[in-house]
2 protein chains.
Amino acid sequence: MTDSLPTIVVVGAGFGGLQVARDLRRAAARVVLIDRRGYHLFQPLLYQVATAGLGPDQIAYPARAILRGQQNLDFCMTEVRQVNLVNKTLETGFGEVRYDYLVLAIGGTPNYFGLQSVAQHAFTLKDLSSAVNLRNRILGAFERAVQEPDAERRRAALTFVVAGGGPTGVEMAGALAELIRLVLTKDYPRLNFKDVRILLLEASDRLLSGMPPKLQEAAAETLWHKHVEVRFGAAVADYDGDRVLLKGGEVIPACTLIWAAGVRAAGLADRLGMQQARQGRVPVERTLQVAGHPEVFVVGDAAYLEDGMGQPPPMVAPVAIQQGRVAARNILRALAGQAPEEFVYSDPGTLATIGRNAAVARVGRWQAHGFFAWLLWLGVHIFWLVGFRNRLLVMINWAWDYFFYDRGARLITSE
Amino acid sequence: MTDSLPTIVVVGAGFGGLQVARDLRRAAARVVLIDRRGYHLFQPLLYQVATAGLGPDQIAYPARAILRGQQNLDFCMTEVRQVNLVNKTLETGFGEVRYDYLVLAIGGTPNYFGLQSVAQHAFTLKDLSSAVNLRNRILGAFERAVQEPDAERRRAALTFVVAGGGPTGVEMAGALAELIRLVLTKDYPRLNFKDVRILLLEASDRLLSGMPPKLQEAAAETLWHKHVEVRFGAAVADYDGDRVLLKGGEVIPACTLIWAAGVRAAGLADRLGMQQARQGRVPVERTLQVAGHPEVFVVGDAAYLEDGMGQPPPMVAPVAIQQGRVAARNILRALAGQAPEEFVYSDPGTLATIGRNAAVARVGRWQAHGFFAWLLWLGVHIFWLVGFRNRLLVMINWAWDYFFYDRGARLITSE
């Protein structure tokens, strides 16, 4: 009986994949969700883990718990190594998996633009362990600095370079500045905090490129107030772990480079044997199907689909979620013998926070910056965090930080 | 000026070392607290991290934050490699440190009694990363089992052997049984939970050797009700990662062995060049001073000092704290030209929990088991957790688990 049902395999339990799995809950099919981590990660808050504002457990939730009770679903924690589009099979850590429909919601990975030295030495905000590693590095730098007699080496240990002026870079630089000025100054009373430098490097001449100019300027202004040196027209050419070399020849001695300069489709996209678009993304039809393979859908960061202006949608959660809905609906329609629908992005606006009381927000044509935008950001993020308990703990953590200028998670762990 | 002050070095920020540092807050001395981790760990709750009841951040707190505002104190995060008792210096990761008084509060490490294969393959509850590793292993075992077609291998993946019937082993076995029966049964509806086995091996013929016989039996009874197979007279002879060999020849196929069979003094005790007592501990005078070195004190798990009955005090937090107080007082007395006092252990009682609603407690001659003992255990542990925020988060986590049979921290992380 069960074997006659079609098998729908969803790869990835991020925002897109989770949406697909949920929207297929009443499908007359066997749904298999595959994820190598086993938990859904609230990636937009990784920078909070890296700056000791939240513990890693607070922005992750087990996929099995989220999808508990969904009768037609099997979860499988393993890595997908290869997709065979002709045979309709996946090669996984647990052997071969056959599919009738496939949704690739594989997400993104840092884009180093071919800079091997950066890939080797820089820190990123890719997953929980990279965020915890970055947290250990930041806090460890202060432990080293406090024991370092050489002034040059001490300054290099306390120089943090953030590459990339998009939302991740701006949020990271802002949160790092606050961690240092509001919390670590109390933990290290013997340290001269004039030795601390935070640089935010942006290759173009503005931050947050998707935002209206007024908000771009507000963001730069707020970062300056927090003593972040915002540098425009600055691109990294090389990094050896101790010195950042900029295109143009400038050298910045810095023990920590945080790479937030770009994202590309996850590695599996390179192994599909398909022509790839910009950022390694997989070109899809307006229906999110892969050309020539109507049974294969791609959603989220890994999907490439130009809008009327020739632009792909940004690599953000709302796009992944909306595309997930369309992919699920098109599979249900296919099962019912109906024609697929087209994806049209409905932009809910953008938000970025630059620390305590300060954010920039655009919703449609409405825009705001400062405290009100920050409240909006806080509400939206707490609302979206999966699982009520996490929401409560996150709220307590933030309320605590807000009132007491403290960070509970500032542990240097060897994990 | 400052250089004429004596330097008191305290090694270890556990219960003992922290107590010493705090009690020296008004000393006319420079106090240096050295710890390789940089945070105080509430070790008695490590088993909660291993069973996904608490996140690692919730049982650890930065040493700098705990000791913030203590003017005469410097904290130093580094490893102490060697102690030179003659020159009164320590060799650390940041170079040589000179002391006038030294307190070794270096704690314990798992005692494998020479079983190399166990040291290599078994899991322990030694520190945060070993607890997180164990959590990953336990949860990962279920992910593997759900995909494993071979029945023998599936049963081995789901067999958890806990070696040692002391408080750690009893608490670990009880918490593991609850995690599985109350939470994971919901996460893995396709799995046959009759394949799950939890064994608690105890070499002697009773659990919780320090407890009154009535409570020992109550503990065993409670574990049986939770489907933990308690085996007396069972000692591990060898383990290759797949099969536990018992003395006597019995073989138990099990992918997870959790070693809770003993603790010995931390490795630094072996490098002092001193005669060591049982469990590698350092013999001290009744004043906690090392014979021939009145400027050196040892407190906590690493100190060996027999009571009137020829028994050393147990390796538990109350002993470390009380010894820390005496060591600090004796240093203050020495600075004032007074004779040292002797340590006398005032036993506050013992407590062990065996999961939801069940614990055993002894306070003086009063003893209890069941729900009331569990409430006492809960209160004592929440009270002792350092830092108000942690206390609040821990309370919320536990209340949540209690009412909803859920575990928020059940993430398999690669950290």
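Entry 1: The model I am looking at is a predicted one.

**Entry 2: the chain as a whole.** I went through the secondary structure of chain A and recorded 11 helices and 25 strands. For the extent of the chain, I noted that the C-alpha atoms of chain A fill a box of roughly 70 × 45 × 45 Å along the principal axes. I also checked the radius of gyration, which is 22 Å for chain A and so agrees with the value near 22 Å that a compact globule of 415 residues would have. On burial, I wrote down that 50% of the 415 residues of chain A count as buried. Turning to contacts in chain A with a separation of 6 or more, I found that 65% of them join residues 24 or more positions apart.

**Entry 3: the core.** I looked next for the largest nonpolar core, which has 274 residues, and those with the most contacts inside it are Leu33, Ala219 and Ile258 of chain A together with B:Leu33, B:Ala219 and B:Ile258. I followed up one of these, A:Ala219, and set aside its neighbours within four places in sequence; the residues then in contact with A:Ala219 are A:Val170, A:Leu207, A:Leu208, A:Ala352, A:Ile354 and A:Val360.

**Entry 4: where the chains meet.** I turned to the interface, where 34 residues of chain A are in contact with 34 residues of chain B. On the chain A side, the elements that give two or more residues are strand 4 (60–62), helix 3 (63–66), strand 5 (73–77), helix 5 (128–147), helix 7 (167–187) and helix 11 (388–404). Helix 11 of chain A provides the largest share of this side, with six residues. Sorting the chain A side by class, I recorded 17 nonpolar, eight polar and nine charged residues.

**Entry 5: the two copies.** Lastly I compared the copies, and noted that chain A can be laid on chain B with an RMSD of 0.0 Å by a turn of 180 degrees and a shift of 0.0 Å along the axis. The two copies are therefore related as by a two-fold rotation axis. I also found that the same surface serves both copies, since 100% of the contact residues of chain A recur in chain B.

How values were computed:
Residues are numbered from 1 along each chain as its sequence is written. Chains are lettered from A and ligands numbered from 1 in the order in which they are written. This is a predicted model: local features need pLDDT of at least 70, side-chain atom pairs count only at pLDDT 80 or more; totals for chains, interfaces and linings use all residues. Two residues are in contact if their C-beta atoms, placed from the backbone, lie within 7 Å. Helices (H or I, at least four residues) and strands (E, at least two) are DSSP runs, numbered from the N terminus. Ala, Val, Leu, Ile, Met, Phe, Trp, Tyr, Cys and Pro count as nonpolar, Asp, Glu, Lys and Arg as charged, and the others, Gly among them, as polar. A nonpolar core is a set of buried Ala, Val, Leu, Ile, Met, Phe, Trp, Tyr and Cys residues joined through C-beta atoms within 7 Å. A residue is buried if 20 or more other C-beta atoms lie within 10 Å of its own, exposed if 12 or fewer, and partly exposed in between; C-beta atoms are placed from the backbone. Copies are superposed by least squares on the C-alpha atoms of residues with pLDDT of at least 70 in both. The radius of gyration is taken over C-alpha atoms; the globule rule is 2.2 Å times the number of residues to the power 0.38.
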